[in-house]
Amino acid sequence: MSFFTAKYNSGSEFLDSVNQEKKIIFCPTSMEIGLNQKVVAELHIPGAPNIFLLKGVAVAWQKAIPRNRIRSGLYLKFSTNELKRLAYYLSIFSGSIPVPPRRRKYPRLPVIMTAKARVIKKPNYFEIKIHNFSEGGARISSGKKLEINSILSIEIAAPGGVKPIPFSARVVNNPEDNLYGINFMTREHGTSSLLKEIMERFKKLSFVIFLLAFMIPGVVKAAHSYVYYDYSILKNGIINKYGLRIYSNGRLVYYKGIANSKPREILLSKNSRKFADKVFAALQEAESNHSENTPCGAPRGGKLVISKQKSSPRNLNLQEIDKLEKYGKVVRIMQKRLQPLHPESIRNNCLSLNVPAKVEILKDPGSFEKDFETTPPHSPKEHFINLLQADDLQDKLQYLMEIVTTRGSDLFFGKYLLKNHRFSDEAKKIARYFSAPLVYSVISSREGQKLLNYYSRSRSVENKYFATLLFLLNYNFSAAATSINIYYRGLAKSETGTEVAQKIRKAQKNMGRLNYGKSSWANQIRRISFLFEFWYDWARRISPPSNNAPTLAQIFYQRAFHYARMYAGNLRIGSISSTPYGRKTLRKLLPLFLSRHWYLYPVYTQVDIINVITAMRSAPKLFGGPNQVEKLIPSISNRIYELLRLRRFYAVDQLEKKYSNKIDPIILKQASGMALYHNRDYEKANKILSGAQTPDDHKSLLAYFFSILKSTNNPSNLEQPPENKIEGLSRIKFLLTQNTTQKPKKRLAQCQFNQLAAEEKLLLIKAKLSTGIPGAMENLITLTQTKSPAQSDSVSFLAHLYLTNNKSFEEVYDLLSSSLYNEQSAANWGLLATSAKYDDFPNAQILAHKAVNTAYKNPRQMISLLKLFVRFAVFPDLSYQLAQEALARFQFNPELAWLRAALFLRSGMKEQAQNEISRALQKDPGNYKYQKLAKQIQAI
């Protein structure tokens with residue numbers, strides 16, 4: 001609330017300024033006040049008995065026009081209660097009542113405050129309440145009975161004062177019970193000056209702040225809460241400081257300063273209530289739900305000050321990762337307000353580390369254009385076709401840019417732009433605004449090394465931070481320490497940069513001495529604990545641990561999990577100070593790693609998962625107790641399935657012995673049989689699944705019958721009637737995978753399509769298409785349009801048929817557009833690339849690179865993508881790289897060996913092809929397509 005003086009030239013001017021119907025009054029003043037603010041006007045009217053104080057809300061401002069004799073002033077809207085008081089003065093100047101004699105020399109300011117008082121010559125103090133105040137007197141209330149003309153000593157605390165000031169006052173009237181009027185006695189030297197000073201302080205201070213200083217609970221409003229955020233950037237060798245303060249009433253203030261000078265305060269807005277509500281809602285969410293939300297991008301390492309009613313301000317250092325995680329959403333909202341023209345991020349709400357916009361832009365962002373707009377999410381089909389057809393390099397870059405700046409677009413194309421065209425203007429724009437999501441989505445050290453060609457040479461402060469992450473990804477600690485030092489110097493935090501760089505160099509030293517024979521065992525454990533905390537902190541700088549964390553963060557979390565397991569999850573190692581923290585982290589990270597199949601991880605992570613589960617089962621008290629451990633550890637059947645897929649047969653034997661009398665043996669057999677079936681150990685799978693059959697479990701039944709056929713080199717019972725529909729489907733699947741000349745046309749015609757599950761329907765459709773039974777294509781199209789577990793497989797299979805029937809790229813794209821990011825994504829991108837290649841698009845290789853990149857991220861899609869490339873004889877170089885990568889993960893897969901043999905044969909490498917096809921036949925000797933390729937190789 002603001003206080004100002006309004007002086008009228010005459011009583012008639014006062015009468016003309018009041019509109020009683022609309023409850024508005026014009027107050028002449030030169031003091032410009034923000035609209036919609038609560039104010040107190042001190043009305044000076046010639047001939048009035050005293051000065052009148054009027055409360056209201058500022059609704060409009062009138063500029064002065066001297067030549068028309070129009071005064072500047074403020075229009076106030078007042079309440080009905082104020083109108084009742086104002087009517088007295090209107091009656092005086094309208095002549096309805098005579099002008100009364102002047103009652104008070106000094107105007108009374110309405111206040112609510114407490115004070116101490118005592119009657120002169122009596123020692124005991126009592127509490128009073130002051131209701132209004134002036135230089136001459138005040139209105140007070142007291143629970144103690146006071147006599148008229150009695151002298152009081154009153155101690156009043158002035159706003160901004162250190163301690164109360166005593167004044168003498170005389171009780172002059174008692175209009176109501178417990179309500180008294182007093183006059184201050186000014187005979188003492190300096191008393192009059194003190195009263196004037198206190199009155200001026202009351203007027204100059206915001207009225208709400210004044211009431212807060214002397215509040216009575218339940219009666220007085222408190223001061224507005226605020227959130228203040230600031231950070232520094234070194235620009236041209238000068239430290240530039242920037243800050244933003246947002247009050248709960250919507251007042252928005254910007255601060256800008258240099259070095260150690262006092263920052264300049266600039267009012268951006270007097271009423272940004274929507275923005276203020278957004279900030280305080282995020283603050284409430286952070287403090288109530290303890291949400292983890294690290295801002296995406298290079299951290300500014302700033303400061304956050306939170307001041308709430310009835311509490312002292314809190315200073316939070318955002319260099320602490322815990323604080324940054326908790327208040328990350330609040331920080332990001334305020335950072336975006338300092339960069340209003342920043343393009344919407346393509347992913348993860350990221351911001352680049354630029355200095356705040358100019359003041360005129362911060363005050364009115366809507367009047368300025370952004371560097372470029374990020375388009376809303378939409379199908380990039382048109383851009384893809386233009387990109388694939390472009391011959392000119394500049395056209396190619398333009399279409400790539402349009403794909404990348406589509407909100408929610410695939411980050412691969414941004415990385416492709418940086419890796420292959422890093423000197424282009426488009427690449428510079430992408431790196432300036434979208435560096436964080438591109439670096440965070442790196443999936444391997446190889447890809448990180450390619451991006452380093454750009455980021456390590458960039459002079460941008462922000463890019464030094466991203467270069468640090470990529471150097472750490474490749475274990476280049478020395479370069480990472482240098483890069484992070486430059487980054488923090490750019491934030492004017494040289495001490496922090498030196499400290500972080502020293503930790504990086506210490507990590508390098510500890511990793512080099514992990515297997516150093518002369519080190520003591522205790523020192524080795526300390527080094528391991530340090531490395532755990534090191535990688536865990538760097539992972540949290542990117543994102544809190546979750547299934548949606550960027551791939552770079554997942555890699556760092558794998559390393560942290562590895563070192564935490566080595567000491568905190570190893571029961572043979574003694575406890576050190578960080579052991580509880582390490583075990584807490586293991587509990588937090590284990591569910592994330594268990595959410596994927598274990599065989600998809602690197603070997604060291606597979607070992608870590610197994611050892612952590614063993615440690616938790618062996619000593620549950622160390623990990624939160626049996627109840628907490630049981631929630632984390634997967635079921636025995638899941639563990640057996642995953643261990644068998646890793647070919648850890650001894651561990652499975654031990655588990656089965658341990659749980660033989662505790663769990664239904666059928667459950668254990670099903671888990672073992674299905675794992676062996678997926679590992680293509682059909683003979684073992686058949687023996688185990690034979691005693692674990694349940695009529696409702698179609699998957700295990702199908703695996704059982706299929707394993708019987710695969711384990712028999714020359715099955716002779718295919719023409720015999722099957723026992724049930726599942727056995728019939730297993731025969732169909734066998735004939736399809738073997739590529740035999742036998743066609744079960746009679747059996748297929750008898751199958752009742754409506755009684756099958758979605759996966760079974762798709763299997764039947766494939767068989768009918770291979771034998772030429774009519775109606776299969778219509779059934780397939782219907783299956784692609786029906787939501788089911790087999791929908792994505794159906795779409796991919798139909799796209800294969802489109803390719804064999806020479807459908808155009810646009811038709812293939814329209815079919816696959818909604819399936820490019822599902823469990824078949826690598827093969828679907830490969831289908832698009834193959835279709836583009838068949839249509840002779842010069843840039844089809846881009847989509848092929850995207851398909852391979854997706855397969856690297858999801859290794860179980862590698863073989864299906866390689867099979868596609870080999871079948872259609874496209875992209876031989878990429879196929880060979882993919883085959884080499886797949887071999888490291890699927891050494892015992894006969895289909896991979898067959899595909900590699902086909903690749904080697906096409907390259908004229910007969911000996912290598914012979915070795916690969918021999919491995920395939922050794923695993924699956926009855927497969928017709930393997931036998932056929934072996935004959936072709938021998939015939940050369």
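Tutor: Let's begin with what helix 9 packs against: its buried residues pack against helix 10 (393–404), helix 11 (411–420), helix 32 (809–816), helix 33 (825–838) and helix 34 (845–857). Contact here means heavy atoms within 4.5 Å. Helices (H or I, at least four residues) and strands (E, at least two) are DSSP runs, numbered from the N terminus. This is a predicted model, in which local features need pLDDT of at least 70 and side-chain atom pairs count only at pLDDT 80 or more, while totals for chains, interfaces and linings use all residues. Residues are numbered from 1 along each chain as its sequence is written, and side-chain values use heavy atoms, with hydrogens and water left out.

Helix 9 itself covers residues 381–389, and its buried residues are Lys-381, His-383, Phe-384, Ile-385, Leu-387 and Leu-388. Buried means under 20% relative accessible area, exposed means over 50%, and partly exposed is in between (1.4 Å probe, protein chains only).

Look again at Lys-381, whose side chain meets that of Glu-810 in a salt bridge, at 3.5 Å from N to O. This pair links distant parts of the chain, with Glu-810 in helix 32 and Lys-381 in helix 9, 429 residues apart. Glu-810 has 41% relative accessibility, so Glu-810 counts as partly exposed. A salt bridge is a side-chain nitrogen of Lys or Arg within 4 Å of a carboxyl oxygen of Asp or Glu, and by this rule the count comes to 25.

Another salt bridge joins Lys-308 and Glu-287, with their closest N and O atoms 2.7 Å apart. Lys-308 lies in the loop between strand 17 and strand 18 (314–317) and Glu-287 in helix 5, so they tie together parts 21 residues apart in sequence. Arg-919 and Glu-916 also form a salt bridge, again with the closest N and O atoms 2.7 Å apart. These two are 3 residues apart in helix 38 (residues 910–923), so about one helical turn separates them. There is a network of salt bridges too, linking Asp-322, Glu-325, Asp-537 and Arg-540.

Rings of Phe, Tyr and Trp (its six-membered ring) pair if their centres lie within 6.5 Å; planes under 30 degrees apart count as stacked, over 60 as edge-to-face and the rest as tilted. By this rule the count comes to 50 aromatic pairs. Phe-133 and Phe-184 have ring centres 5.6 Å apart and planes at 55°, so this pair is tilted. Phe-133 is in strand 8 (residues 126–133) and Phe-184 in strand 12 (residues 179–184), so the pair ties together parts 51 residues apart in sequence. Both Phe-133 and Phe-184 are buried.

Finally, how many disulfides does a search of the whole structure find? The search finds 1 disulfide, a disulfide being a pair of cysteine sulfur atoms within 2.5 Å. This one joins Cys-296 to Cys-350, with an S to S distance of 1.8 Å. The link of Cys-296 and Cys-350 is right-handed, with 60° about the S-S bond. Cys-296 sits in the loop between helix 5 (273–289) and strand 17 (303–307), and Cys-350 in the loop between helix 7 (328–338) and helix 8 (359–363), 54 residues apart. Cys-296 and Cys-350 are both buried.
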